[in-house]
There are 2 protein chains.
Amino acid sequence: MSDLFITGIGHLTTNVGDPDADAVVVVDDGIITYAGSMADAPDQEGRKRLDVSGNAVIPGFVDAHTHLVFAGDRSDEFARRLAGESYSDIAASGGGILSTVEATRSASEETLFDLAAQRVWTMIRGGTTTVEIKSGYGLDLETELRLLRVARRIGDELPVTIRTTFLGAHSVPREYRSDRDGYVELVINEMLPATADLADFCDVFVEDGVFSVDEARAIFEAAKALGLPARVHVEQLSHLGGAALAAEIGALSADHLDHVTPDDAAALAGAGVTCVLVPGAAYTLGTPQPSGRMLWDAGCTVVLATDCNPGTSYIETMGLVISLGVVQMGLTVEEAIWAATRGGALSLGLEDRGQIKEGSPADLVILDAPSPAHIPYRPASDLLSETIKDGQIL
Amino acid sequence: MSDLFITGIGHLTTNVGDPDADAVVVVDDGIITYAGSMADAPDQEGRKRLDVSGNAVIPGFVDAHTHLVFAGDRSDEFARRLAGESYSDIAASGGGILSTVEATRSASEETLFDLAAQRVWTMIRGGTTTVEIKSGYGLDLETELRLLRVARRIGDELPVTIRTTFLGAHSVPREYRSDRDGYVELVINEMLPATADLADFCDVFVEDGVFSVDEARAIFEAAKALGLPARVHVEQLSHLGGAALAAEIGALSADHLDHVTPDDAAALAGAGVTCVLVPGAAYTLGTPQPSGRMLWDAGCTVVLATDCNPGTSYIETMGLVISLGVVQMGLTVEEAIWAATRGGALSLGLEDRGQIKEGSPADLVILDAPSPAHIPYRPASDLLSETIKDGQIL
């Protein structure tokens with residue numbers, strides 16, 4: 001049953017201008033066919049009536065930045081870091097991204113799928129209807145392909161829309177420590193062509209000691225030739241010029257941005273690069289958040305995402321992320337909800353998602369609360385009543 | 001069935017020295033009769049076997065500071081405050097504590113019970129087995145009595161241990177705005193004697209513009225004569241000397257402590273006053289957290305609690321609180337778990353709770369994770385598998 005007549009809505013966030021108080025949403029064959037006042041609504045007949053008893057209805061969350069296909073457990077590393085041990089000491093003793101790479105390389109495709117599917121089900125139950133998934137815990141061709149296949153299979157088998165990103169340039173693997181150039185060449189000449197059919201985007205971690213701006217530019221040129229738009233990890237731990245690169249190459253998104261400057265913000269806004277903020281990372285690391293307020297006011301398209309990953313943001317659901325966007329990044333409640341829905345959709349090039357509008361897929365969330373303000377107001381509460389994907393109540 | 005033989009434990013936190021890896025916990029008639037190595041365990045026969053499949057077992061959470069009996073919704077106020085409006089402007093337009101007082105006074109006892117019970121069920125499902133509940137949204141005798149009756153009834157009807165605190169001195173009600181002394185006299189001469197049978201403790205909000213140190217001292221003297229130990233809201237929004245008062249009068253707890261000094265910490269440790277930190281409040285208000293590290297290192301008994309209330313910390317469960325204790329207050333994972341269990345029990349004078357030890361009530365949590373480090377490591381995840389109260393699997 002994907003024909004719905006949703007009524008009793010206490011608050012409707014459409015992201016295309018809110019209709020009046022007495023709103024209904026109508027869904028036919030999984031597509032929204034009406035969102036507006038009851039007075040002008042089509043007839044209810046033949047559609048399943050869903051009375052949401054005064055609760056709020058908002059678009060399904062679009063989580064535009066995750067690394068959720070992985071094996072291994074880094075909770076010990078988290079405890080050690082917070083007890084004062086440095087990331088470099090932890091990495092030297094086998095921790096960090098490369099510890100996840102090791103666990104992931106040795107996990108079977110079936111195991112990786114089961115682990116990832118469990119995480120995505122948690123996301124779905126938390127109101128997320130579209131998820132971007134990056135590779136990057138393989139760092140060799142075989143494992144990167146495995147990660148992308150698992151990500152695509154999630155989209156095939158679970159009620160969620162998946163977009164995939166090739167992030168071979170996530171870290172330099174151990175076996176290339178003394179041959180960085182060799183690894184960048186491998187990414188460009190072998191991995192990119194071989195993974196391009198499984199990936200919608202290409203990403204590079206531009207950071208001091210990881211990949212330079214010039215290396216990233218070369219990788220993105222090759223990706224562009226294969227038809228893969230760029231997403232870029234930039235300015236997370238230092239200011240290296242990645243945001244300027246994202247503007248220069250017209251990337252689809254610049255992500256993290258902890259050290260972003262007003263000049264960067266102007267360049268990103270001017271180039272139409274979406275700004276994906278992942279407050280779970282700075283929260284987990286105990287470092288300052290970037291200013292969502294500054295980016296928003298500079299005219300950037302601000303996006304909120306979980307960054308779900310086993311090292312620095314093991315967060316599957318959007319509630320805490322929205323809360324952090326509000327209390328630590330200076331966004332208003334309305335902006336944060338927009339950033340977690342419409343912002344995410346624009347960041348993934350999904351123009352018809354993240355909104356409740358005639359013609360869009362019926363990806364909706366019914367809250368167990370009368371307004372979306374309750375999400376940041378009650379940051380530890382599960383306020384999700386129902387997730388609706390393509391008109392199906394999950 | 002309250003006779004249990006719990007096995008397959010991946011990690012056991014007892015708070016009385018952890019036994020070896022292959023641990024079991026045995027429960028008879030709701031009381032822990034054994035916690036230690038499998039080798040020395042009593043026979044399993046006649047007890048229900050509960051294999052927790054490698055998950056962690058810890059004591060039930062003891063939430064030592066809540067204001068969870070209330071009516072009304074202050075999500076709008078939250079949004080306005082974060083959009084830059086000052087608390088005093090909000091209070092002037094009818095917001096703040098007094099808006100909850102208005103909604104609570106006009107709610108029936110049955111409505112207040114239903115609302116509170118819903119919140120406490122959320123707490124129980126989140127692993128909390130003991131809760132302190134304050135009055136303070138009545139500010140007149142009739143309503144304060146109603147709140148304390150509701151709190152006691154929660155303890156009678158739900159599987160949770162409740163301790164109640166009379167907080168008539170939470171704010172000066174509107175009708176006494178021009179007669180502060182009159183309200184303090186009402187608290188001392190009428191409310192305290194009338195509520196003493198329903199309350200285990202007495203609390204005062206010591207703050208600039210709320211109640212002074214001298215007013216609090218007078219209230220606590222009267223409470224002491226009635227047999228009610230003191231808990232005190234101190235140094236939250238400013239440094240007024242409430243912590244020193246708590247040490248002077250030998251209060252059971254000093255709560256909030258956002259502006260606590262090293263001198264205060266030494267005094268609190270010396271006087272054996274437990275320090276109840278409520279990180280949800282500073283998180284919600286976007287203000288700096290007090291240093292749990294400093295208090296712990298000064299020798300204080302550090303406690304973590306939710307402060308569940310509709311204004312500044314609408315948080316029912318302990319996961320995010322423990323996470324904030326670790327990432328924003330400088331506690332280690334082990335310290336934060338202790339503070340949320342044994343610390344809370346000591347703060348409420350419940351010497352036999354917050355520990356997994358022969359002779360203690362079987363209040364336990366089975367995590368859906370192999371170690372308690374996962375709680376702060378995965379701050380948005382529901383990692384609770386089972387809550388066990390007095391040996392009953394809930």
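## Surroundings of B:Glu132

Leaving out residues up to four places away in sequence, B:Glu132 touches B:Asp63, B:Ala64, B:His65, B:Thr66, B:Arg163, B:Thr165, B:Arg231 and B:Leu348, where contact means heavy atoms within 4.5 Å. This is a predicted model, in which local features need pLDDT of at least 70, side-chain atom pairs count only at pLDDT 80 or more, and totals for chains, interfaces and linings use all residues. Residues are numbered from 1 along each chain as its sequence is written, chains are lettered from A in the order in which they are written, and side-chain values use heavy atoms, without hydrogens and water.

B:Glu132 is buried, with a relative accessible area of 0%; buried means under 20% relative accessible area, with a 1.4 Å probe and protein chains only.

## A buried threonine in chain A

A:Thr143 is buried as well, its relative accessible area being 1%. Apart from neighbours within four places in sequence, A:Thr143 is in contact with A:Thr104, A:Arg105, A:Tyr137 and A:Gly138.

## Lining of the cavities

A cavity is a set of points, on a 1 Å grid over the protein atoms alone, where a 1.4 Å probe fits but cannot get out, and its lining residues have an atom within 4 Å of a point. The largest cavity is lined by residues including A:Pro59, A:Gly60, A:Thr129, A:Arg353 and A:Asp363, whereas B:Asp352, B:Arg353, B:Gly354, B:Gln355, B:Pro361 and B:Asp363 line the second largest cavity.

At least three residues of the largest cavity's lining come from each of domain 1 (4–59 + 354–393) and domain 2 (61–347) of chain A, with domain bounds taken from an automatic or database domain assignment.

Note on methods
Buried means under 20% relative accessible area, exposed over 50%, partly exposed in between (1.4 Å probe, protein chains only). On a 1 Å grid over the protein atoms alone, a cavity is a set of points where a 1.4 Å probe fits but cannot get out, and a pocket is an open set with protein on both sides within 12 Å along at least five of seven lines; lining residues have an atom within 4 Å of a point.
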